Amino acid sequence: MKKNTKIVLSVLGGVVVVAIVVIVGIKILNRPAIEFKNSAEKVEIKGNYNAVDYIKDVHGHDIADIEIDDSAVNIEKLGTYVIKYKINDKEYELQLEVVDTQAPTFDIENLDIDLGMNVKAEDLVKNIKDQTNTTVRFKEDYSFEKAGETNVTVVVEDEAGNQTEKEAIVKIVKDEEKPVLTGLHDFTVSKNGKIDYLSGIKAKDNRDPEPKVTVDSQQVNTAKVGTYEVKYTVTDRSGNKNSYTKTVAVVENKPTSSIGQNGNKVVYLTFDDGPSSNTAKILKVLDQYNAKATFFVTGNGQKYNYLIKEAHNKGHTIGLHTYTHSYSKVYASVNAYFDDLDKIGQMVKGQIGFVPKYIRFPGGASNTVSRKYCKGIMSTLTKEVQARGYQYYDWNASTGDASGNNVAVSKLIKEGTASKANNIMILAHDTAAKSTTVEALPKIIEHYQALGYQFKAIDDNTFTPHQHVNN
């Protein structure tokens with residue numbers, strides 16, 4: 001009996017072994033040629049990606065034998081894609097999900113606005129960084145209808161639903177201060193000429209960095225000689241407004257006549273660059289000799305502007321020599337010159353009640369320095385100023401004080417008394433550094449008065465010296 005039992009067990013054991021061998025053999029025969037690490041994979045959007053990395057093993061073949069088609073995969077976009085692997089005409093597929101697990105990063109800043117302005121969450125956010133598109137919103141519905149400070153939470157969310165929250169403060173201010181315009185001036189334009197109404201104009205506001213400027217020039221008719229009004233309105237972001245009115249003088253488009261030498265013995269003393277600390281001294285000398293002169297003034301000595309009015313009241317002529325006397329600015333362009341000329345004209349008008357029409361170019365009409373900033377500008381300006389009703393005056397004699405500061409008195413007298421023309425226009429300067437010019441004046445005046453000359457101020461009948469234009 002025992003012997004039979006052993007035989008049976010032995011047979012059964014053999015059957016089991018055979019069965020196991022058969023099963024293992026079947027599995028080996030049926031196992032896939034490509035074995036993946038996982039049944040599905042994930043990769044971070046825009047991250048490192050290689051389809052080969054997902055293969056765990058290759059059975060019966062080299063990995064180089066595998067054909068991979070991952071053309072459907074877009075690593076730049078969230079989604080689920082299929083990678084196809086092929087070996088010996090048998091295909092295998094692996095599902096790949098492009099994911100985004102990183103929350104956005106951004107900078108938050110407090111907001112300072114005016115009451116009534118729209119508030120958007122985006123206004124508080126800067127430098128958002130994420131691999132996908134993001135949306136910005138407030139965490140709650142906040143009210144911004146009252147002045148004061150409101151604490152807010154801003155949420156930035158990406159396409160994958162990752163969120164980052166940050167807190168900020170919205171300060172709301174009730175702004176009732178009106179914006180202002182600077183650089184306003186009246187205009188003189190030749191008939192059918194063009195006007196740049198905004199040239200030199202600046203808008204300023206206590207809160208709005210860019211207040212809006214509008215110009216109403218409907219009344220202006222540049223085709224017809226006359227005086228017109230132009231209205232400026234400046235409005236800030238809170239709706240506060242300010243309005244200004246300036247005049248536009250349209251003049252006949254014909255040159256002011258130039259006048260040549262005549263038989264009268266006249267000296268026209270002209271002083272450039274004032275007013276200055278020496279202006280009062282010059283006026284005193286002129287009074288002593290009952291001599292009249294002309295002052296071509298600038299905007300560089302405005303603490304002495306009261307002397308412009310005093311000189312005018314004493315019967316001297318006030319002319320314009322530009323506001324800045326900066327060659328690089330006034331000769332930058334034709335428009336730049338006239339912007340500057342308008343500015344000095346308005347300054348003088350504030351002292352004597354009108355804009356003079358007598359002018360002198362910095363460096364004279366013959367200057368070549370202007371060529372450095374705008375080629376040919378003097379050829380244009382010498383014609384254009386006359387077309388706009390001005391007249392420019394150069395000189396046919398000089399004291400020589402333009403050569404330096406506090407030139408020797410003897411040299412100034414020698415040069416200042418050298419002319420023998422009937423009509424003499426002498427160039428001199430009125431600045432703090434030209435004190436010797438004041439000292440030389442008595443001898444210069446005495447010299448010409450002894451020869452029978454009168455000292456007159458420029459008027460409409462004055463000899464008009466025009467130098468040769470070199471630019």
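Select Asn406 to begin: with a relative accessibility of 40%, this residue counts as partly exposed. The model on display is a predicted one. Asn406 belongs to the loop between β24 (397–398) and α7. Its phi is near 50°, which is a positive value in a residue other than glycine.

Select helix α7 (residues 409–416) together with helix α8 (residues 435–450). The two pack at an angle of about 35°, and their axes are 9 Å apart. The crossing of α7 and α8 is right-handed. On the α7 side, show Val409, Leu412, Ile413 and Gly416, which make the contact. On the α8 side, the contact is made by Thr436, Thr437, Glu439, Ala440, Lys443, Ile444 and Tyr448.

**The largest nonpolar core**

Which residues have the most contacts inside the largest nonpolar core? Select Leu269, Phe295, Tyr337, Ile359 and Phe361; the core holding them has 49 residues. Helix α5 (residues 334–352) gives the most to this core, with seven residues. Apart from this core lies another, of 20 residues, including Val43, Val58, Val73 and Ile75.

Return to Ile359 and display its surroundings. Leaving aside residues up to four places away in sequence, Ile359 touches Phe296, Leu320, Tyr337, Leu341, Val385, Tyr390, Gln391, Tyr392 and Tyr393.

**Aromatic rings**

The structure holds 13 aromatic pairs. For one of them, select Tyr337 and Phe361: the pair is tilted, with 5.6 Å from centre to centre and 45° between the planes. The pair links distant parts of the chain, since Tyr337 is in helix α5 and Phe361 is in the loop between β22 (358–359) and α6 (377–387), 24 residues apart. Are these two residues buried or exposed? Tyr337 counts as buried because its relative accessibility is 0%, and Phe361 counts as buried because its value is 1%.

Ring pairs link Tyr337, Phe338, Phe361 and Tyr392 into a cluster. Next, show Arg388, which lies over the face of Phe338 at 3.7 Å from the ring centre. For another charge over a ring, select Lys166 and Phe106: the charged end of Lys166 sits over the ring of Phe106, 4.9 Å from its centre.

Move to the loop between β19 (266–272) and α2 (279–288), where Pro275 lies. What kind of peptide bond joins Gly274 and Pro275? The bond is cis, with omega about 0°. Asp273 is placed in the loop between β19 and α2 as well. Phi of Asp273 is near 85°, a positive value in a residue other than glycine. Asp273 is partly exposed, with a relative accessible area of 21%.

**A last stop**

Select Asn118, found in the loop between β8 (111–114) and β9 (125–129). Asn118 counts as exposed because its relative accessible area is 69%, against a cut-off of over 50%.

Technical notes. Residues numbered from 1 in each chain as written. Predicted model: local features only at pLDDT ≥ 70, side-chain atom pairs only at ≥ 80, totals over all residues. Heavy atoms only, no water. Core = buried A, V, L, I, M, F, W, Y, C linked by side-chain atoms within 4.5 Å. Buried < 20%, exposed > 50% of the residue type's maximum accessible area, 1.4 Å probe, protein only. Helix = DSSP H or I, 4+ residues; strand = E, 2+ residues; numbered from the N terminus. Contact = heavy atoms within 4.5 Å. Phe/Tyr/Trp six-rings, centres within 6.5 Å; stacked < 30°, edge-to-face > 60°. Lys NZ or Arg CZ within 6 Å of the ring centre and 35° of its normal. Axes fitted to C-alpha atoms, helices over the stretch in contact; angles between N-to-C directions. Left-handed = near helix turned anticlockwise from the far one by under 90°.
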